[in-house]
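Please keep the sequence and the structure in view while reading.

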Amino acid sequence: MKIAMVGSGYVGLVSGACLAGFGHEVVCIDKDSAKIEKLENGIMPIYEPGLADLVAENVAAGRLSFSRDLPSAIQGASAIFIAVGTPSRRGDGHADLSFVYAVAEEVGRNLKEPAVIVDKSTVPVGTGDEVARILSLSGAPEGTSVVSNPEFLREGAAIGDFKQPDRIVIGAEDDFGREVMAEVYRPLTRNQTAILFTSRRSAEVIKYAGNAFLATKITFINEMADLCEKVGGNVQDVARGIGLDNRIGPKFLHAGPGYGGSCFPKDTLALLKTAEDYESPLRIVEAVVKVNETRKRAMGRKIIEALGGQARGKRVAMLGLTFKPNTDDMRDSPAIAIAQTLADAGAEIVAYDPEGMEEARALLPEVTMAGGAYEAIEGADAIALVTEWDAFRALDLDRVKQLATAPIFVDMRNVYNPDQMKAAGFTYISVGRDSVCQDAASPRPEPAIA
Ligand code: UDX
């Protein structure tokens, strides 16, 4: 089957390469000439494990190509995916759909044979209807179908997520749409992947509801972590204890500095806007957004407390800046608010991230970037592990102690074992677990007896 992927950003490129890997003939289109030129030369515009190899393999096999010429590249395609950005609109938090609508219009003007137009971008409910309207107004052939097929790709694990998804959601209003989409994903039905056919609007809601639910789960366990710190519980035991209940499940219960990234913050805000427009308040999601925002700065204050309440003139080493490991993405990373809180309090910040420093330089001009973890740690009054990159999971603790000015370690991802850190001579503060302090027997106040 011939497939056109309009938009060669993160979602478009991963989806296009994976669909080519299924055996389809895919052309990835983008109006950014520099990006297409890079791709034609085998240079990936984003960092995603396995992507460069997958692209090279499929280009060599003649199944994957790149183009900046939408009008000709879409001809003959049975499915034309729209995978362009839907950023938060400045000022009001609504998803900005101008790129989606511009593609719909250009496709409508140029398409010669009926095809299935697939909304892959994350778009608010009702966008599919509007895309159908624009296509028809701009002259798309009779019988052209519009379906919604949301993506559930995690950065850093996107290729695995695409090839072994928990489910595929297809929101279609006609048989043509359903049949073409069943063909697109047929290779996956061999390994029994569930394909859920719904109405177009339901599919659009599923995407936002799924992300809002996951953001809620993370925020819930983060607040439980705060409670554990006060009452003397261990949030990892609590997460395991509740996660073993099948109805809850063990995933997305890792307490940390709050969620970030390109999806959860943007999608929860867009969902709230939709709720407002339809006068159907989503109070839980509202609370989640607020709690998560506050948490990021609170994590900066946690480091200041570890420094004894005074950060002026102190040097803090931040290990990890991206919103999670295995990505170079800094969008809405908790590290930004943490660094700003530290800088506002007068701290000097030295950071290292395996992939994110280029993006971080522009966002965090007050932060000095180091060439490696140990270089960042040298002379630090406190070390904060912010993103759980593998490279930070097995630090040479003796070397860390020697290099740092003070052995204070704030572990925002609970990577290390408190007993091990105590034995290694660190004052160790993590999330939702007892702190270990070298100076006092226990820095935690005794739980109040209710
Ligand atoms: C997410 C969704 O998982 C994916 O389905 C959707 O398509 C896009 O948004 P992504 O943003 O790449 O993917 O990252 P994810 O792995 O979901 O993590 C999001 C954020 O939540 C990160 O900041 C991560 O550190 C945080 N997180 C995740 C936690 O703090 N605790 C957890 O238990 C899980």
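Predicted model: local features only at pLDDT ≥ 70, side-chain atom pairs only at ≥ 80, totals over all residues.

Helix H10 (residues 200–231) contributes three residues to the shell around the ligand, the most of any element; helices here are DSSP runs of H or I with at least four residues, strands are runs of E with at least two, and both are numbered from the N terminus. Residues are numbered from 1 along each chain as its sequence is written.

The shell comprises 20 residues, of which Glu155, His254, Tyr259, Gly261 and Cys263 come nearest to the ligand. By class, 10 are nonpolar, six polar and four charged; Ala, Val, Leu, Ile, Met, Phe, Trp, Tyr, Cys and Pro count as nonpolar, Asp, Glu, Lys and Arg as charged, and the others, Gly among them, as polar. Domain 1 (2–198) and domain 2 (208–290) each supply at least three residues of this shell.

H10 itself has 32 residues and spans 47 Å from its first C-alpha to its last, close to the 46 Å expected at 1.5 Å a residue, where the expected span is 1.5 Å times one less than the number of residues. After H10 comes Gly232, with a positive phi near 85°.

On the scale of the whole protein, the division is into domain 1 (2–198), domain 2 (208–290) and domain 3 (295–429), with bounds from an automatic or database domain assignment. The side of domain 2 that touches domain 3 has three nonpolar, seven polar and no charged residues. There, 10 residues of domain 2 are in contact with 15 residues of domain 3, contact meaning C-beta atoms, placed from the backbone, within 7 Å. Taken over C-alpha atoms, the centres of these two domains are 24 Å apart.

Attention now turns to a pair of strands. Strand E5 (residues 116–119) pairs with E6 in the parallel sense over four bridges, pairing requiring at least two DSSP bridges. Val146 in E6 is the bridge partner of Ile117. From strand E6 (residues 145–148), Ser145 and Val147 point one way and Val146 and Ser148 the other, all of them buried, that is, with 20 or more other C-beta atoms within 10 Å of their own.

Asp277 belongs to helix H12 (residues 264–277). Asp277 is exposed because 12 other C-beta atoms lie within 10 Å, and the cut-off for exposed is 12 or fewer.

Technical notes: Near = placed C-beta within 6 Å. Contact = placed C-beta atoms within 7 Å.
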